[in-house]
Amino acid sequence: MLDIGGARLTVCQGLPEDDRNETILARYKANRLRVVRQLKYVPDRELSLDLGFFVNGIPVATAELKSDGTQNIDDAVWQYKNDRKPKDTQTGLKHPLLTFKRGALVHFAVSTSEIQMT
């Protein structure tokens, strides 16, 4: 549930405790999780995130993936700090997916042995 200007908007239905309420059960079954690989957050440039997670079209999380053999989790954290700025350094425009209160709720740096929220 989101509070927007005093109004409440339900963006997904949680798992009901039982199946007696058909309306809530139908809403729960209608939830859609989408995982997008190589998500371009600036279409006309090659700026992309390794993964984007959306629930019913709402951005929930992003992830930068690293393999311990070639890069480690510190490289993913560095990318979020330096390459994944909420505001474009060239145009000055905000990247909605990376902007606080507008974009994904959490950003993950992921390696084969660790996960950090950033």
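Start by selecting helix α2 and looking at what covers its buried residues: β4, β5, β6 and β7 are among the elements there. Buried here means under 20% relative accessible area, exposed means over 50%, and partly exposed is in between (1.4 Å probe, protein chains only). Helices (H or I, at least four residues) and strands (E, at least two) are DSSP runs, numbered from the N terminus.

Before going on, note that this is a predicted model, where local features need pLDDT of at least 70 and side-chain atom pairs count only at pLDDT 80 or more, while totals for chains, interfaces and linings use all residues. Residues are numbered from 1 along each chain as its sequence is written, and side-chain values use heavy atoms, with hydrogens and water left out.

**Stop 1: around α2**

Color I73, A76, V77, Q79 and Y80, the buried residues of α2. They sit on the same side of the helix, because they cover an arc of only 155° around its axis (the arc is that of the directions from the helix axis to the C-beta atoms). Now pick D74 and K81: they are exposed, on the other side of α2.

Zoom in on the start of α2, where a side-chain oxygen of N72 comes within 2.9 Å of the backbone nitrogen of D74.

**Stop 2: the sheet**

Next, show the strands. Five of them make an open sheet, ordered β3-β4-β5-β6-β7, with mixed pairing; two strands pair if DSSP finds at least two bridges between them. β3 (33-42) and β7 (115-117) are at the edges with a single partner strand each, so one side of each has no neighbour in the sheet.

Select β3 together with β4 (residues 47-55): they run antiparallel, joined by eight bridges. Click L39 and you'll find its bridge partner in β4, L49.

**Stop 3**

**Stop 4: N21**

Where does N21 sit? Look in the loop between β2 (7-9) and α1 (22-30). N21 is partly exposed, with a relative accessible area of 37%. A polar atom of its side chain lies 3.1 Å from the backbone nitrogen of T23. To finish, draw a distance between the C-alpha atoms of N21 and R32: they are separated by 20 Å, and the residues are 11 apart along the chain.

Technical notes: A polar contact is a pair of N or O atoms within 3.5 Å; within protein, one must be able to donate a hydrogen and the other to accept it, and residues adjacent in sequence count only if both atoms are side-chain atoms. Contact means heavy atoms within 4.5 Å.
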